[in-house]
Amino acid sequence: MKTATAKTNKKDKSPDADRYEIRLSGSGGQGLILAGVILAEGVGIGDGKNVVQTQSYGPEARGGASRADVVISEGEIYYPKTMKLDMLLALTQEACDKYYPDMQENGTLIVDSTLVTQVPTKKYYGLPFTRLAREEIGIVMVANVIALGAIAELTGIVSKDAIRDAVLARAPRGTEEKNKRALELGMSEARKIKRK
Amino acid sequence: MTRKGNVKLLQGNEACVEGALYAGAQFFAGYPITPSTEIAEGMSRLMPQIGGKFIQMEDEIGSIAAVIGASNAGCKSMTATSGPGFSLMQENIGYAYMTETPCVIINVQRGGPSTGLPTKIAQSDIMQARWGTHGDYTAVTLAPSSARECFSETVRAFNLSERFRTPVTVFTDEVLGHMREIMTVPEEGELPVFDRIKPDVPHEWYRHFEITPSFVSPMASFGEGYRYNVSGLTHDQDGFPTAVPSEIKDKLDKLRLKIERYLDEIASFRTEMMDDAHVAVISYGTVARASYQAVRMARDRRIKVGAIQPFTIWPLHEVKLREMLGNCRKVIVAELNMGQLVHEIRRVAPRHTEVFALNRYDGEVMTPHQILDKIREVL
């Protein structure tokens with residue numbers, strides 16, 4: 001499985017040769033757009049890379065599959081939308097089915113293992129984000145933050161300090177501790193399943 | 001690596017707001033419309049904080065009217081809208097051209113005609129920017145393609161409108177308006193900010209539409225003690241309606257020459273890999289970014305292709321464009337409409353150059369692969 005740092009298959013020397021494309025997907029209300037914004041702020045403000053975050057508006061944004069896309073590069077980002085995903089987070093079966101075909105062959109697939117029961121590949125990471133949020137933190141709403149912790153751990157695309165700062169900057173007052181715990185839970189759970 | 005300075009993740013629309021504040025905007029009147037609403041939202045939050053004014057008007061006709069009024073009272077003024085609202089504004093935009101009132105109008109383009117596609121991207125108002133209101137005038141239209149450029153082109157729009165006493169339109173699009181991008185907000189003083197020229201003559205000598213050597217007249221504000229008339233009727237240098245042929249011609253020449261004389265300063269382009277290019281892709285707004293990506297992909301396949309992005313769509317600098325096209329035998333004009341700027345490029349392209357149109361009008365962004373396919377097709 002490929003990670004951000006181990007990407008060597010692209011030979012071109014263009015400024016965005018290290019371009020890394022992420023999609024966070026699930027259903028409306030799971031906080032995926034916010035997770036996309038937090039990830040983009042972590043990468044862009046904390047780590048100092050270039051980053052663009054896009055999303056789909058209109059009927060698609062209400063109910064059904066919801067998504068936030070994040071494109072990251074050390075160099076200038078030309079095309080702002082995703083072309084072939086290096087990483088896909090799917091929090092629902094529908095999102096997994098719909099967006100799996102948009103992935104690179106060696107891309108990283110991360111799914112919510114309690115909600116996504118039929119995964120179209122054997123090469124994936126599964127963690128029960130929603131169940132962890134409910135049982136370990138006590139609020140389902142932080143499933144997105146747990147997922148961000150897992151993404152940081154599994155892909156290394158964002159540094160841990162940067163994602164922590166970004167989560168805390170966006171956490172509503174009084175929820176900082178819960179969000180911090182959720183993020184760290186995501187990291188520690190991901191460490192257990194990470195391939196060496 | 002940590003960036004220095006004021007780094008923010010901003011939507012294109014939010015960057016327009018920050019740019020407007022940087023340029024010294026003090027007044028915003030508008031009527032919210034997708035996909036431009038975030039500009040009105042941002043202005044409603046920030047204008048009161050700097051002692052400026054935000055008004056949500058009854059419609060877009062009222063909005064542009066209020067903007068023209070505020071500008072004549074001495075405020076740097078702006079509105080933001082999308083296709084249907086831009087159509088409603090046309091009559092009063094003509095009034096702003098005729099009365100030489102500086103103002104900035106941002107059009108976050110969506111699909112049309114009519115109510116069209118509120119949440120989908122298009123670039124189909126490009127000709128409306130040039131010919132939207134009736135009569136002869138010279139329009140200035142800027143087209144950014146990133147959050148950073150939304151900021152800087154909005155600043156530039158204010159500068160040009162103040163400098164030349166004319167409305168300036170900034171044309172973005174749904175994708176650009178809504179996407180969030182990391183940018184460093186320029187420090188104070190990093191970008192130039194221009195304020196309109198005020199009269200320095202005794203009150204009784206002042207002429208609101210004086211034909212000066214630069215064709216731009218100094219502008220007094222309402223209430224400063226100068227006497228003049230403001231009218232949409234073709235007028236003399238004091239602003240009073242005229243039917244004298246020479247005065248009519250002088251007025252219309254003034255509207256044209258105050259812009260055309262300074263084309264070198266107004267026109268702004270970006271080029272990529274044009275030095276040895278046989279094929280050029282011309283595009284603007286979000287599509288320009290797809291073009292840069294496509295050019296890289298084509299270069300990896302050893303195709304000698306380059307990209308030209310006009311930031312100033314109107315007026316198009318014909319001489320510079322011809323120069324940039326150099327020895328290109330083939331030009332592709334990629335736009336999200338059924339072919340608008342391509343007509344202008346056909347008109348100005350050198351005789352030996354073949355011009356191809358690449359169009360998409362299904363509410364989706366043009367992809368780099370689509371452009372790459374076209375490059376291969378025309379080779």
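Colleague: Why does A:Ile157 count as buried?
Modeller: A:Ile157 has 23 C-beta neighbours inside 10 Å, and the cut-off for buried is 20 or more, so A:Ile157 counts as buried. Please keep in mind that this is a predicted model.

Colleague: Where in the chain is A:Ile157?
Modeller: A:Ile157 lies in the loop between α4 (143-155) and α5 (160-170) of chain A. From A:Ile157 to A:Gly42 the C-alpha distance is 9.9 Å, while 115 residues separate the two in sequence.

Colleague: How much of chain A is buried?
Modeller: Of the 196 residues in chain A, 51% are buried. Chain A has 6 helices and 6 strands, and their order along the sequence is β-α-β-β-β-α-β-β-α-α-α-α. Among the contacts in chain A with a separation of 6 or more, 63% come from residues 24 or more positions apart.

Colleague: What makes up the contact between the chains?
Modeller: Chain A gives 20 residues and chain B gives 21 residues. On the side of chain A that touches chain B, α1 (32-46) and β2 (50-55) each supply at least two residues. That side of chain A divides by class into 10 nonpolar, 7 polar and 3 charged residues.

Colleague: How do you know that β2(A) and β9(B) pair?
Modeller: Pairing needs at least two bridges, and β2(A) has 2 bridges with strand β9 (residues 180-185) of chain B, in the antiparallel sense. So the count meets the cut-off. In one of these strands, β9(B), B:Glu181 is the bridge partner of A:Val52.

Colleague: Why is α3(B) called roughly parallel to α4(B)?
Modeller: The axes of helix α3 (residues 60-72) of chain B and helix α4 (residues 83-98) of chain B cross at roughly 30 degrees and come within 8 Å. Angles under 35 degrees count as roughly parallel, and that makes α3(B) roughly parallel to α4(B). The crossing of α3(B) past α4(B) is right-handed.

Colleague: Which residues of α3(B) and α4(B) meet?
Modeller: On the α3(B) side they are B:Glu60, B:Ile61, B:Ile64, B:Ala65 and B:Ile68. These meet B:Gly85, B:Leu88, B:Met89, B:Asn92, B:Ile93, B:Tyr95 and B:Ala96 in α4(B). By class, the contact of α3(B) with α4(B) has 9 nonpolar, 2 polar and 1 charged residues.

Colleague: What makes you say that β8(B) is largely enclosed by the rest of the structure?
Modeller: In strand β8 (residues 167-173) of chain B, 7 of the 7 residues are buried, so β8(B) is largely enclosed. In a regular strand, side chains alternate between the two faces of the sheet. On one side of β8(B), B:Pro167, B:Thr169, B:Phe171 and B:Asp173 are all buried.

Colleague: Which strands pair with β8(B)?
Modeller: β5(B) runs parallel to β8(B) and is joined to it by 7 bridges. Strand β7 (residues 140-142) of chain B also pairs with β8(B) in the parallel sense, over 3 bridges. B:Thr169 in β8(B) stands opposite B:Ile105, and B:Thr141 stands opposite B:Thr169 as well.

Colleague: Is B:Ser114 buried or exposed, and why?
Modeller: B:Ser114 has 8 other C-beta atoms within 10 Å, and 12 or fewer is the cut-off for exposed, so B:Ser114 is exposed. B:Ser114 sits in the loop between β5 and β6 of chain B, and its phi is positive, about 55 degrees, although B:Ser114 is not a glycine. In the loop between β5 (103-111) and β6 (117-121) of chain B there is also B:Pro113, joined to B:Gly112 by a cis peptide bond with omega about 0 degrees.

Colleague: And what about B:Glu100: buried or exposed?
Modeller: B:Glu100 has 21 C-beta neighbours inside 10 Å; the cut-off is 20 or more, so B:Glu100 counts as buried. B:Glu100 lies in the loop between α4 and β5 of chain B. Phi of B:Glu100 is positive, near 50 degrees, in a residue other than glycine.

Key:
Residues are numbered from 1 along each chain as its sequence is written. Chains are lettered from A and ligands numbered from 1 in the order in which they are written. This is a predicted model: local features need pLDDT of at least 70, side-chain atom pairs count only at pLDDT 80 or more; totals for chains, interfaces and linings use all residues. Two residues are in contact if their C-beta atoms, placed from the backbone, lie within 7 Å. Helices (H or I, at least four residues) and strands (E, at least two) are DSSP runs, numbered from the N terminus. Ala, Val, Leu, Ile, Met, Phe, Trp, Tyr, Cys and Pro count as nonpolar, Asp, Glu, Lys and Arg as charged, and the others, Gly among them, as polar. Axes are lines fitted to C-alpha atoms, for helices over the stretch in contact, and angles run from 0 to 180 degrees between N-to-C directions. Angles under 35 degrees count as roughly parallel, over 145 as roughly antiparallel, 65 to 115 as roughly perpendicular and the rest as oblique. A crossing is left-handed if the near helix is turned anticlockwise from the far one by less than a right angle, and right-handed if clockwise.
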